[in-house]
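Hello,

Here is the structure I promised to pass on. Please open it first, then read my notes below.

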Amino acid sequence: MRSVNRDSVQFRVQWARYRSQLKAAYRLFEAGRGTADVARITGVSYDRAKSWHEEFRTGKLICRIAKGAATARMLNDPMIRSYRLYREGFAVEVISGLCGYPVSEIKRFITNVEEMIERAFNDEF
């Protein structure tokens, strides 16, 4: 009989709960809810909801949901960086100039990240 690593199981359970809280927070922030409402609804502290709101505004929350952690390498990835700039309101042509990629590539990057987010919310990761 195979033994079960209880720490691993516990981590997976806690990670699934944490990720569902992140998804709920993302959807609430996207709907325009405030930090206090998000903290109350998701069951986290106000300070954590406040840091999630900051991550939502900068685009790090998407990385955390999709990939598990917002590492510096991931945030400097051209796809993620393009999407973050797009979310901040920059035009695709401006993003192309800032990132050094053609406009068609930037559009593809943005589409790929949006698909990645959709898969993350559909639990395909």
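I began with the core. The largest nonpolar core has 30 residues. Those with the most contacts inside it are Tyr-26, Phe-29, Trp-52, Leu-61, Ile-65, Tyr-83 and Ile-106. Helices α1, α2 (35-42), α3, α4 (60-67), α6, α7 and α8 each supply at least two residues of this core. The largest share is from α8, with eight residues. Please keep in mind that this is a predicted model.

Now the overall layout. The chain has eight helices and zero strands. Read from the N terminus, its elements run α-α-α-α-α-α-α-α. Of the 125 residues in the chain, 36% are buried. I also looked at contacts between residues at least 6 apart in sequence: 48% of these join residues at least 24 apart.

Next, the rings. How many aromatic pairs does the structure hold? There are four. One of them is Tyr-18 with Trp-52, and this pair is edge-to-face. Its ring centres are 5.8 Å apart, with 65 degrees between the planes. The pair links distant parts of the chain: Tyr-18 is in helix α1 (residues 6-30), Trp-52 is in helix α3 (residues 46-58), and 34 residues separate them. Trp-52 has a relative accessible area of 2%, under the 20% cut-off, so Trp-52 counts as buried.

Tyr-101 and Phe-109 form another edge-to-face pair. Here the figures are 5.3 Å centre to centre and 75 degrees between the planes. Are these two residues buried or exposed? Phe-109 is buried, at 6% relative accessible area. Tyr-101 is partly exposed, at 32%.

Ring pairs also link Tyr-26, Phe-29 and Phe-56 into a cluster. Tyr-26 is worth a look on screen. Leaving out residues up to four places away in sequence, Tyr-26 touches Phe-56, Leu-61, Ile-62, Ile-65, Tyr-83, Arg-87 and Phe-121.

Then the helix packing around α8. Two packed helices are described by the angle between their axes and the distance between the axes.

Take α6 with α8 to begin. Helix α6 (residues 78-87) packs on α8 at an angle of about 90 degrees, with the axes 8 Å apart. An angle of 65 to 115 degrees counts as roughly perpendicular, so α6 is roughly perpendicular to α8. On the α6 side, the contact is made by Pro-78, Met-79, Ile-80, Ser-82, Tyr-83 and Tyr-86. On the α8 side, it is made by Ile-106, Phe-109, Ile-110, Asn-112, Val-113, Glu-114, Met-116 and Ile-117. By class, the residues of this contact are eleven nonpolar, two polar and one charged.

Just after α6, Gly-89 takes a positive phi of about 105 degrees.

Now α7 with α8. The axes of helix α7 (residues 92-99) and helix α8 (residues 103-121) come within 9 Å. They cross at roughly 105 degrees. These two helices are therefore also roughly perpendicular to each other. Val-92, Glu-93, Ile-95, Ser-96 and Cys-99 of α7 meet Val-103, Ile-106 and Lys-107 of α8. This contact has five nonpolar, one polar and two charged residues. Ile-106 is in the α8 list for α7 and in the α8 list for α6.

Last, two partly exposed residues. Leu-98 is in helix α7. Its relative accessibility is 45%, so Leu-98 counts as partly exposed. Leaving out residues up to four places away in sequence, Leu-98 touches Arg-81 and Leu-85. The C-alpha atoms of Leu-98 and Arg-81 are separated by 9.9 Å, and the two residues are 17 residues apart along the chain.

Arg-27 is in helix α1. Arg-27 is partly exposed as well, with a relative accessible area of 46%. Between Arg-27 and Phe-121 the distance is 9.8 Å, C-alpha to C-alpha. In sequence, Arg-27 and Phe-121 are 94 residues apart.

Best wishes

Note on methods:
Residues are numbered from 1 along each chain as its sequence is written. This is a predicted model: local features need pLDDT of at least 70, side-chain atom pairs count only at pLDDT 80 or more; totals for chains, interfaces and linings use all residues. Side-chain values use heavy atoms; hydrogens and water are left out. Rings of Phe, Tyr and Trp (its six-membered ring) pair if their centres lie within 6.5 Å; planes under 30 degrees apart count as stacked, over 60 as edge-to-face and the rest as tilted. Helices (H or I, at least four residues) and strands (E, at least two) are DSSP runs, numbered from the N terminus. Buried means under 20% relative accessible area, exposed over 50%, partly exposed in between (1.4 Å probe, protein chains only). Axes are lines fitted to C-alpha atoms, for helices over the stretch in contact, and angles run from 0 to 180 degrees between N-to-C directions. Angles under 35 degrees count as roughly parallel, over 145 as roughly antiparallel, 65 to 115 as roughly perpendicular and the rest as oblique. Contact means heavy atoms within 4.5 Å. Ala, Val, Leu, Ile, Met, Phe, Trp, Tyr, Cys and Pro count as nonpolar, Asp, Glu, Lys and Arg as charged, and the others, Gly among them, as polar. A nonpolar core is a set of buried Ala, Val, Leu, Ile, Met, Phe, Trp, Tyr and Cys residues joined through side-chain atoms within 4.5 Å.
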